[in-house]
Every structure is written in C-alpha cells, then in structure tokens.
Amino acid sequence: MAGLAPRIQERRQVSAATRLGRAALIFVSIAFLALLLLAPLGAVLAQALENGWQAYLGSFADPDTRAAIRLTLLTAAIVVPVNTIFGVCAAWAIAKFEFRGKSLLITLIDLPFAVSPVIAGLVLVLLFGANGWFGSWLQERDISIVFAIPGIVLATIFVTFPYVARELIPLMQQQGSEEEEAAITLGAGAWVTFLRVTLPKIRWGLLYGIILCNARAMGEFGAVSVVSGHIRGLTTTMPLQVEILYNEYNFVAAFAVASLLAVLAIVTLVLKTFVEWRAERRTS
Amino acid sequence: MATWFRQPSILPGFGLTLGFTTFFLSAIVLLPLAALVFKTSSLTWSEFVGVLTDPRAVASYRLSFGAALIAAAINGVFGFIVAWSLVRYSFPGRRLVDAIIDLPFALPTAVSGIALAAVFSPTGWLGQKLSIFGVQVAYTWLGVVVALILIGLPFVVRSVQPALVEVQRDLEEAAETLGSKPFYTFRRIILPAVFPALLTGFTMALARGIGEYGSVVFISGNLPLKTEITPLLIVIKLEQFDYGGAAALGFIMLVMSFVMLFTINLVQAWGRRRLVASGR
C-alpha cells in the first residue's frame, strides 16, 4: 500500500478541451477528498475547541481519561514488539526458504485483515469468557482475560497481526538471499548475518510496518470494545474512552481525546511519507 | 528436515522461524477461529437456522452488505478518478493529497465515526445544508454508506495507482494518432489494463465494509431492523450472554470473509495471467 506519486512528464501539447477535462478531474478529486477526509478531521478539532483551550486542556485532567491514555500506551508497548518479532520470523521463513504450503501460510497470515474486528473480540470471549473453553479453568485459578487487560492485548495482537509480516515478505522476497548466503559461506553466524546483513537491507520496510502496526494498535476499537467490558479507569483504552464520553454527551471531552488520536494519525502519515521518501531515495 | 518438504538451503533458522510463525499463528488466529466454528457446531441445526433467519438478522445482512456494496461502487468511481489525477496530472499539493489518502488507515475508526456524525448530524455543518433538501444522512442507512466510503477509499486508490503507472503510454498515443477519441482510448486501452486492480480494490473495500464496526455505530443510529449492522448485532447478542447466537452470526461473517479473500486471490491471479498473455 505504498504511496505512489511518480514524477509526471509533460510529453506533448494539449488542447484546451483536454486541459479543461484535466482541471475538472483534479477538482473532483480534491473536492471528494476534502469532503470525505478533511471535513471530519476539521470537525474533530472544532468540536474539541468549542469551549476554548481551557476546557480542552481540562478534559485531560480527568483521571479516567489519563488511565485510558496509559492503557493505550501500555497495550501498544506490548503488542508492537510482539508482532514485530513475529513479522520478522514469518518473513524470514517465507522469503528465504522454499517449502510446501507456503502460499497457504501467507493467506492465513493475512486472515485477520479480512475478518471483522468484532469477530476478533467474539472469539476471545468464546475461548476465555466465563462460559468459554478455558473459562472454568481460568476461574479456578482466579485469572481474568476477558474484561481485563490481557484480553485487550490479545484482541489488539489479533487485529494488528499481519502488518509487519505483510510489509517484509514481498520486500525480502524481492531482495533475494545472495548476500546472506555469502555471509554464511564466509563463516558468519546466523545472528550476525541477520543483524549485519539482513537488518540494514530491510530497515525502512520494517519501520514502515511498525508505524502502521502502532497506529492500528493504539486506535483499535471494535475488537477491544467486545473484550474490554468498559470498566472506567481500568479497561478503557483511548478509543473506548471517546465512546463513553460521547455517549454521555460530554462532547468537548470526547472530541478532545479524539483529537489526540487524530494527531497520532497525522504523525503516522508524516512518518510514513518520510519513510517512503527515504526508501525511494535508497532505490533510485 | 526432509527434502520433500523444502528445498535445501545453506541459510540457517528455518526450523526456528517457521516453527515460531506456525505456533504464533495457531495460538493467536487459528485456535480462536476454531473456537468460533466449534461453538457454532454446538447449536442444533434448527437453532442455527433460527438465529440466521431472524428478521432482525436478515435486515442487518441487507444493510451491512448493501451499504458496503454501494460504498465500494462509489469508491470504485471516485477512487479511480483520484488515482488517475495523482498518477497522470501534476498539480500543486499533489504529494500532500497522495499522503492524505491513507488517513482512513491511520485514523482510529471511533474517531472517524464521531467526526462523521458531527459533520452530518442535522445540526452539523453539512447535515444542516443537506436537511434543506430533505436529505438526512446521520442516523439513517445513508450514514452507514458515508462511513464505509471513508473506510474503503484507500483500498481502491492504492490498488489502482500502481496499475495506472504500468499502463503503456505508447499504446494510448498510438490509438490517439490513429484517430481514437479520448473516451474510446480509455475504454479500450486503459480500462482493460487497470480493471483487475480496480476489481481487487473494490473487493477489498467491500470486504472491509461488511465487517466494519467502529466508524459505523456512531453515525448509523442503531435502530433494530432499520440501521443495525451485523457486527453490532453480534455485540448485542454477546451483551445478552447469547454466546450461541453471537457465534452463529460470527460464523456466517467468517464464511463471507473467506469468500471475499478467495475472490481477491482469484482476481489477482486472473490479472497476472492477463498480464502474461498480453506479453508484458
């Protein structure tokens, strides 16, 4: 899903009619995007600042909101490294070796993208809920997964599962393994080969995957909503806190928390564009 | 490891990385999904059919699928125009527009949901203007469509863009030299080359739209039989501790996802074959 904006070459003289058509299409594109993407973004900021900066900043004094921010950061801090390690392992196995069932494995890794986030939460409730497969076993040991933080982490791992792997697999397949083979032949160990040969080659792709994984991990709503139980101050992440505040008609606070998430999205886009630009410069 | 299973290689780490990958995949994705299938199979056939043919469930499929279909079709048209403008024309701010396409991927769905509700509610700045014409978007099925257009847009644009870059300009120029009108060139040269990519983007947007939850529930109003999407019905059943009913609906959605995934793979394989056949 890399952004593609190759340089345009003006090849020939164009007629007035073509120029008019061109302007119309550009206008339609920009108007469509402004209406669909920028208007909602502007609405978030406008609503958050409706009662001024004081009220805006005051929204973050709420201890429940602070707890939600902490929980979101904690979740991302667990989920992103786990899925990064998984993604690198999966990409190494798939890109460096030829084995049976590889395309099935790739399809299965992509599966969480195709499944509704609500299903991701539902399956965890079926497994770990009070009436689930492991429900009574967990209850005897006084461990709670659903309606507690472990459930939120597991649901988030599920929905962000493919992000890093998806970026790395095609990149590493395209890069081939000659350099790694040379390193091994010259006597380098496996770990040294990965750190000194592979990692520098894939670092931009890896970073790209991590950025997208992090954005989704911090912003996931559907899956987390099903397993969280919405216990205020304990199991609400930022998106859930937005929902709670919104449903209480506390719009300024809801949009204030939402504005933090919107800033996160914009930072994500900026970083992503930067990484793409770096990767492009490396190849050209 | 036996060579029938894999080709020999001097690179290390096959057992470790493949083992960890399959273990983690099984634990996080496959085992939970198996639990869903298992739970569904614990229902009797008549219970299963009863859940699926409940009028409220049927109304929710119609909305989820119908709205996703309309949204994906609208994205097919506008996503194509956006991709076309970005690939073919240079205009001020093109890179910015290109970067902003991915906003729906980066913006948490709950934020898009409340933001759209704010824009399109009868008191919101667009909703106000639309209500003059008697159109209400928020809290109707139209709201669901708008939310799904937002969510699906990047899938179409990002699928079509690379395919448009690949279209051979000399073919177009040859057609023009031979006197073909722009629309004819578009229909006979550009569209056939881009169609598999457009169809892939359409199907991805459709699949995502059917399962979408966060951005929809804030703008749809969630009225039973009217503006209730299937994922929301699953959440409601879970809140009522009707795990069997939730599992049955989840199972149907899972089957839908598999069908979509399979379709996307078929379309992509077809596109690749066509590319080879046309000698590129």
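Helix α3 (residues 63-96) of chain A packs against helix α10 (residues 190-219) of chain A at an angle of about 140°, their axes lying 9 Å apart. Axes here are lines fitted to C-alpha atoms, for helices over the stretch in contact, and angles run from 0 to 180 degrees between N-to-C directions. Helices (H or I, at least four residues) and strands (E, at least two) are DSSP runs, numbered from the N terminus. On the α3(A) side the contact includes A:T72, A:N83 and A:G87, and on the α10(A) side A:G209, A:C213 and A:M218; two residues are in contact if their C-beta atoms, placed from the backbone, lie within 7 Å.

This is a predicted model, in which local features need pLDDT of at least 70 and side-chain atom pairs count only at pLDDT 80 or more, while totals for chains, interfaces and linings use all residues. Residues are numbered from 1 along each chain as its sequence is written, and chains are lettered from A and ligands numbered from 1 in the order in which they are written.

Between the chains, 78 residues of chain A are in contact with 77 residues of chain B. Helix α1 (residues 16-48) of chain A contributes the most to the side of chain A that touches chain B, namely 16 residues.

Chain B has 13 helices and 0 strands.
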